[in-house]
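Dear colleague,

I am handing over the structure below, and I would be grateful if you could look through it before reading my notes. The notes follow directly after it.

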Amino acid sequence: MFTDVEGQRISEFHDRCTGHPGWAREAPAQHDSGVWQFIELNHRYNSLLWAEEDQARRRDVADSEIAANKRAIDGFNQKRQDAIERIDEELLTRLAGVRPSADAWQNSETAGSMIDRLSILSLKIHAMRLQTQRADASAEHVAACQQKLEVLLTQRGDLQRCLDRLLAEAVKGRAFFRVYRQFKMYNDPALNPYLYQKKT
């Protein structure tokens, strides 16, 4: 039921995308339906967020440019969260006929959130691997980054197995998860007091 969304397969997709600079802004969508459409969107928005977060740390530009980065971050983060929820909806649709047993364990983290974390780990692994390849850095810097890269790879392997186990156990009715709505209040003009109070 979930062989198409095994953790390793998802990470391989993430890595292929991340390996092409500029893909998030320029590459056409590879998937246009089903859960993979939202896995791809989630990774695209995480990639765009990563670039904006880097730029937001600049000190050599006007404050207006940092403000623009922050607004872009808020927008991309909302779309990233929306994609996570759609991933969970798509996966739970596949489980519609499965009734969890009375002693089934509820996972506090949704499958969509785990896939989101795999996306972020792919970005971290890519960025850390580039640090290990820097000719202008010290040997100590490269060695430290190599150690960090190995830790990130271990963490990703752990998370892949946890995702696979959650979905496998959910099929058997021994585990379940829900869609968790994020309700990003700061992005909603009707819920952010600094925005709706200004109108009145």
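**Pocket and salt bridges**

Helix 3 makes the greatest contribution to the lining of the largest pocket, with five residues. Please keep in mind that this is a predicted model, in which local features need pLDDT of at least 70 and side-chain atom pairs count only at pLDDT 80 or more, while totals for chains, interfaces and linings use all residues. Residues are numbered from 1 along each chain as its sequence is written, and side-chain values use heavy atoms, with hydrogens and water left out.

The largest pocket holds about 290 Å³ of space. A pocket here is an open set of points on a 1 Å grid over the protein atoms alone, where a 1.4 Å probe fits and protein lies on both sides within 12 Å along at least five of seven lines, and lining residues have an atom within 4 Å of a point. The volume is the space filled by probe spheres set on the points, which are joined across faces, edges and corners. There are 14 lining residues, and G22, S47, W50, A51 and L123 are the closest to the pocket's centre. At least two lining residues come from each of helix 2 (23–26), helix 3 (34–56) and helix 5 (111–132), helices being DSSP runs (H or I, at least four residues) numbered from the N terminus. By class, the lining has seven nonpolar, five polar and two charged residues; Ala, Val, Leu, Ile, Met, Phe, Trp, Tyr, Cys and Pro count as nonpolar, Asp, Glu, Lys and Arg as charged, and the others, Gly among them, as polar.

Turning to charged contacts, the whole structure has 13 salt bridges, each a side-chain nitrogen of Lys or Arg within 4 Å of a carboxyl oxygen of Asp or Glu. One of them joins D4 and R94 at 2.8 Å, N to O. This pair links distant parts of the chain, 90 residues apart, with D4 in the segment before helix 1 (7–18) and R94 in helix 4 (residues 63–94).

R86 and E89 form another salt bridge, with their closest N and O atoms 3.0 Å apart, and they lie about one helical turn from each other because they are three residues apart in helix 4. Both belong to a network of salt bridges that links E85, R86, E89 and R181.

In the salt bridge between E169 and K172 (3.8 Å, N to O), E169 is buried at 13% relative accessibility, whereas K172 is exposed at 52%; buried means under 20% relative accessible area and exposed over 50%, using a 1.4 Å probe and protein chains only.

With best regards
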